[in-house]
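Please walk through this protein chain with me, one site at a time. Keep the sequence and the model side by side.

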Amino acid sequence: MTAVENDADVIVVGAGPGGSATAYHLAQHGVRVLLLEKTEFPREKVCGDGLTPRAVRQLIRMGVDTSPEAGWLHNRGLRVIGGGVRLELDWPDLASFPNYGLVRSRMDFDDLLARQAVSAGATLRTSVNVTGPVLDGDGRVIGVQAEEGRDKVPATFHAPLVVAADGVSGRLPLALGLAKREDRPIGVAVRRYYRSEVRHDDDYLESWLELRAKGSGELLPGYGWIFGLGDGRVNVGLGILNSSSAFGKTNYRRLLTDWLANTPPEWGMADEANAEGSILGAALPMGFNRVPHYTRGVMLVGDSGGMVNPFNGEGIAYAMESGELAAEVAVQALARPAGAERERALLAYPQELKTRFGGYYRLGGIFVKLIGRPEIMRVATKHGMPHPMLMRFVLKLLANLTDPRGGDAMDRVINAMTRVAPAV
């Protein structure tokens, strides 16, 4: 068999937050990285645009300047609205995480992260649509097939290791037979931008536990958000989980406009004239809904591996965190000879993911089933919201913000819960 010349040590498919984080950390270790992105930057992405302190930590680890002067809108915490109560919860002060969140449009956020990976030494190629894997005689992935540019010119790239960071569609893992697990939670989210001078520079992320229609006051399915962007616009959206009876049976775009029609007129969100762009939607793959996270020379990162947090729908932090972990494992694996030794090192990746998030995601799956029942949600909102101490505990749990060692009593309880929960 003729030896194939590799185009890189690692090919990363997809230049979203997970792919760019993977490429950055690999390049920092001197690994030759080829980052392939099917679109051109800047590009639109369906997302709430809000980043919790868990995501901020990953940005800092990538050397990103998160100051307001660099174009970031800082927020102090989460404002929760439900059960007739409006509660502002500051992000906790922890040793492990910063005490602020951020908001920034994905239109330039992803571009910024991809450029950060390039500055570390990664090679970025855009307009390269990966169509499938290249396999060796043993069925191991040794590269990818792709189509380049508008003319869809066929191209082949080789590397001893491939990282699939190709998002919820997961075309590369699907080509390897890795289908989504139906027993794991999944959500659907829709969002739209509105001009709002009143709400655009809010220093809290805002979460609505109850959505009501105008006039009738009818309780609508799902949970909403309003995140100011600091540039005269807000990102407004809602999500529904597959534990809800309305999942898959609802016109989500109509649902969004029905809710916004009930917001104060001065906010500007009830007026179609203030809308910027159309209502866009996307799936939220949660709780490790595609496994295994390593197989036959391919590591799954972020949404491709179903790593969205079931508690709060956050995906960016876990995409970036899994990308950094994948890079660390890959560096160790590539330092070993190809074969059994390298495979042993690569299998540490899914094991470490399970250790970090497996128990937490199991609890998240239970949480999703509970809040899918309106009667339970009503009781929880009515009796939980009036108690700030309880809600601070809930914020730490939902945002996965605790100190793993030491910490306060809340941290110790949450950490113990995640340790004893069987990993998904």
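Gly-277 lies in strand β19. Helices and strands here are DSSP runs, numbered from the N terminus: helices are H or I with at least four residues, strands E with at least two. Gly-277 counts as exposed because its relative accessibility is 54%. The cut-offs are these: buried means under 20% relative accessible area, exposed over 50%, and partly exposed in between, with a 1.4 Å probe and protein chains only. Gly-277 and Arg-192 are 85 residues apart in sequence, yet their C-alpha atoms are 6.9 Å apart in space.

A word on the source: this is a predicted model, where local features need pLDDT of at least 70, side-chain atom pairs count only at pLDDT 80 or more, and totals for chains, interfaces and linings use all residues. Residues are numbered from 1 along each chain as its sequence is written, and side-chain values use heavy atoms, with hydrogens and water left out.

Stay with β19 and follow the chain out of it. The loop between β19 (275-285) and β20 (294-295) holds Pro-292. Phe-288 is found in that loop too. Which kind of peptide bond joins Val-291 and Pro-292? It is cis, with omega about 0°. Phe-288 has a positive phi of about 60° although it is not a glycine. Most residues other than glycine have a negative phi, and most peptide bonds are trans. Phe-288 counts as buried because its relative accessibility is 3%.

Lys-152 also has a positive phi, of about 55°, and is not a glycine. Look for Lys-152 in the loop between β10 (141-148) and β11 (153-158). Is Lys-152 buried or exposed? Lys-152 is exposed, because its relative accessible area is 54%.

Another cis peptide bond runs from Phe-41 to Pro-42, with omega near -5°. Pro-42 lies in the loop between β2 (33-36) and β3 (50-51), and Phe-41 is found in the loop between β2 and β3 as well. Phe-41 counts as buried, because its relative accessibility is 17%. The C-alpha atoms of Phe-41 and Leu-78 are 37 residues apart along the chain and separated by 30 Å. Now take Leu-73, in strand β4 (residues 73-75). Leu-73 counts as buried because its relative accessibility is 16%.

These sites bring us to the annotated stretch. An unreviewed UniProt entry carries the annotation "domain: FAD-binding" for residues 7-183. UniProt positions are given in the numbering used here, feature names are shortened, and annotations may be inferred rather than shown by experiment. Over residues 7-183 the chain is 23% helix and 32% strand. The end C-alpha atoms of residues 7-183 are 38 Å apart.

Next, the rings. A pair of aromatic rings is described by the distance of the centres and the angle of the planes. Rings of Phe, Tyr and Trp (its six-membered ring) pair if their centres lie within 6.5 Å; planes under 30 degrees apart count as stacked, over 60 as edge-to-face and the rest as tilted. By this rule the count comes to 11 aromatic pairs. One of them is the stacked pair of Phe-357 and Tyr-361, 5.8 Å centre to centre with 20° between the planes. Both residues lie in helix α8 (residues 348-371), four residues apart, about one turn of the helix. Phe-357 and Tyr-361 are both buried. Ring pairs link Phe-288, Phe-311, Tyr-318, Phe-357, Tyr-360, Tyr-361 and Phe-367 into a cluster. The rule asks for NZ of Lys or CZ of Arg within 6 Å of the ring centre and within 35 degrees of the ring normal. Arg-104 lies over the face of Trp-72, at 4.7 Å from the ring centre. The charged end of Arg-233 sits over the ring of Tyr-193, 4.7 Å from its centre.

Finally, the second largest pocket. A pocket is an open set of points on a 1 Å grid over the protein atoms alone, where a 1.4 Å probe fits, with protein on both sides within 12 Å along at least five of seven lines; lining residues have an atom within 4 Å of a point. Which helix gives the most to the lining of the second largest pocket? It is α8, with seven residues. The lining has 23 residues, and Arg-54, Thr-355, Arg-356, Pro-404 and Asn-415 lie nearest the centre.
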